[in-house]
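Q: Hi, I'm new to this one. Could you walk me through it?
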Amino acid sequence: MNDLLPDPPRWKERFDQTHVAEREAGRVIRVMRAPEPLPAAQLVRIAARIRVERPRRRTFWLAATAALLLGGATVASAAHLNVLPGWLTRIVRLQPAGPVPHKHASLGRPTRMPAAEAAAVANAPTVPKANALPAAIPSTPEQPAGTIGDGDSMGSDLAPLPSRKVVRKAIEVVPVENAPRMPARDARPSPPIPSSLEPAPAVTMPSEAQRVRGAQVAWLEKPAQPDPASPARMVEDPRPALEAGSAQGAAKVLSEAIHALRVEHSPGTALFLLDRHGTQLGKSAFAHEALLLRVEAMLALGRKGEVLRLLDGAALTDVAASRSLLVTRGELRASANRCADALGDFNLVLARSKQADRQALLGRSVCRKKLGDSAGAQTDIERYRREFATDPRLSDLERQAGVLK
Amino acid sequence: MDTPMPVFMQATVVPATFSPPASFQEAYRDHAQTVARWARQLGGSDMDVEDVVQEVFLVVSRRLSSFRGDARFTSWLFEITRKIVANHRRRQRWRFWRAGNEASLASAPSDLPDPAAELERRRAIARFYRALDQLPGKYRTVLVLYEIEGLSTQAIADLRELKLSTVKVQLARARVRFLKHYQELMKRGKP
C-alpha cells in the first residue's frame, strides 16, 4: 500500500506550511549550505594518514592478540599449577575438566576444591542456633565431621557444626572373599521430596562406611543419574561392561570408584562409574558397598534430594550393616521436616546397638523436641552427656543444652 | 567569497553499484567526497568530517578484501559511515557535556559580512540537529537522507537495503517525531 503512495513533499520545497515547526524546519534546511567538497589537499592528507594508520592498527591488534594469548597461557599454567588467586580460580574453574588433585606435590601447597565440593563446604552451617537442642555435634577422633551420619544434613536444628573443615577419611576396599552376598531386591517406590530439603547443607564423606559390612540392602530399581554438570558424563569409558556376577570385576569397579572419590576427589567420576556398571554391581556381592559409595558421591555433589529418594526406596533391614545409611536417612528425613519417619530410623539404630550412636542420639533428641516430646529430648541429651563425656566440645553442648532447661 | 549553492538546488544522485572497486585507491578516489557529504549531513556542521572520512576508509581498507558484493558497495559504505558518525556524535556529546557549552561551533564567531545573521543561522541549524538527535538512529538517518540529502524514498531503500514500504513508514514516523521534538525546542527557545 505504501509503495503506491507518492513521496511526501519535502519541507524545504514548501513555503505554505501551517505547522510552525514544519515551516521553521523547511526554512532551516533551505539555509543549510551544501557540504563543500573536501579540497584535494585535504584528501591527500587523509590518504597519507590512512597509510600511516593502517600498519599501526595492525601492529596494535597483533600486539593485543599476542598479549591475550600470552595471558591465557599464563592463566592456564597458573591454573594447572594451582597458583591462581581465589577470585580468578572461581572464574577459571567454573567447571573443572576432570579429576583435580587436592594437593600439588611440587608446590607443596593445598589446592582448591572442585566447585561442587567447595559449594558443599561453603553451604555447611557453622554456628548452632541458640534456641536449638545441642545438635552441634563436634567431630570426635573416631568420627570426623562432615561425614555420613554426622549430623550436618539435619537442617537448622541438627546441622550446625562448629568447624567448616571437611575431614576426609578413606575407607578400606572390601576384600572380595569377605564380601557379603547379594541382598534381596525389595525396593519400593520413592515418595516425593519436600522442597524444603533441597537447600539443606551438604554432607560430604562417610566415615563409618568402613565399619559397615555384610550389606542387606536392596538394590534400587533405578540408579541415580550422573550429574549433568559433571565432566565424567562426557567421558567415554572404554572398558567393557562387567560380566554379570563377576565379583572381581565388581571389586575393580568399586576400587576405581573409591579411588575417584577419595583420592581424585571427583564424585562425578565415581558416580559415573557406579552408574555405568549399576546393573552388574547390583547383582554382585558388593551391592551394599556400591550403595554406600553412591550415597557418599551424591552427598558430595550436594544432591540430597536424590539421596533421600534413594534411601527411602531402600529396605535397610539389616540394622547392623546399614547403620550409617539409617542415620543418614534419618538426618535427611529430619531436615525435610519428616521427623516422625526420622525418629523411626534413629530408634532403630539406637535400639539395636549397645553403644549409642552419637548422631542418632542427637538426631532423636531433636526430632523428639520437634514432635513435642521435651522430656524425651532431655533424656537423650543427658544420655549423650553420660556416654560421650570425653567429647572435646562437650562444653559447647552443655551451654546449648542449658537453653532447654 | 563564493556563495555556496543551496542544498535543494544540488544534484543528490548517489551512484549505486554492486561491484566493489578494484582497489582501495579506487574506492577512496571515487567515494571520499560522497562519504564526506554523508558525514556532514548525518552529523551536522559540528562533525569533524576529516576524521570521519579517515576512519571510514580505514575500515574500508581493512574490510575491502572481504566485501563479496552481496550488497551495493555504496550501501556498505553508507552503513560504515553511519556507524562511525554515530560514534563521533556520541563522543561529541560526551565532550560537550564535559566542556560545557563552550565548545559549540554554533556560538563560534563568524567572519562573514553579517555575523549576527550567520550566528542566527548556525543556531537554527544546531537546534535542528538537536531535535534530530532525539530520534532513534533509523529515523534520523532516513529523515536526513530524505529532507537534507534530498534522496527519494526509493533511493533511500536502495541505499539502505530496505523495503520501500519500510522506508516510507520510517519516514512518516520520523517526520512526526521530529516535528514534536523540534516544536518543544522552539518553545523552550533553546538554540
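Q: What is the handedness of the crossing of α6(A) and α7(A)?
A: In this predicted model, α6(A) and α7(A) make a left-handed crossing. A crossing is left-handed if the near helix is turned anticlockwise from the far one by less than a right angle, and right-handed if clockwise. Helices are DSSP runs (H or I, at least four residues), strands are E runs of at least two, and both are numbered from the N terminus.

Q: At what angle do the axes of those two cross?
A: Helix α6 (residues 247–263) of chain A and helix α7 (residues 267–276) of chain A have axes that cross at roughly 165 degrees and come within 7 Å. That makes α6(A) roughly antiparallel to α7(A); over 145 degrees counts as roughly antiparallel, under 35 as roughly parallel, 65 to 115 as roughly perpendicular and the rest as oblique. Axes are lines fitted to C-alpha atoms, for helices over the stretch in contact, and the angles run from 0 to 180 degrees between N-to-C directions.

Q: And which residues of α6(A) and α7(A) meet?
A: Among them are V253(A), L254(A) and A257(A) in α6(A), and L273(A) and L274(A) in α7(A). Contact here means heavy atoms within 4.5 Å.

Q: New topic: how do α2(A) and α2(B) lie to each other?
A: The axes of helix α2 (residues 40–81) of chain A and helix α2 (residues 49–63) of chain B come within 9 Å and cross at roughly 50 degrees. α2(A) and α2(B) are therefore oblique to each other, and their crossing is right-handed.

Q: How many helices does chain B have?
A: Chain B has seven helices and zero strands, while chain A comes to 15 helices and two strands.

Q: What share of each chain is buried?
A: Buried residues are 47% of the 191 in chain B and 52% of the 405 in chain A. Buried means under 20% relative accessible area, exposed over 50%, partly exposed in between (1.4 Å probe, protein chains only).

Q: What average pLDDT does chain A have?
A: The average is 66, with 54% of the residues at 70 or above; pLDDT is the predictor's confidence in each residue, from 0 to 100. Over residues 124–241 of chain A the pLDDT is below 50. Where pLDDT is low, the predicted coordinates should not be read in detail.

Conventions
Residues numbered from 1 in each chain as written. Chains lettered and ligands numbered in written order. Predicted model: local features only at pLDDT ≥ 70, side-chain atom pairs only at ≥ 80, totals over all residues. Heavy atoms only, no water.
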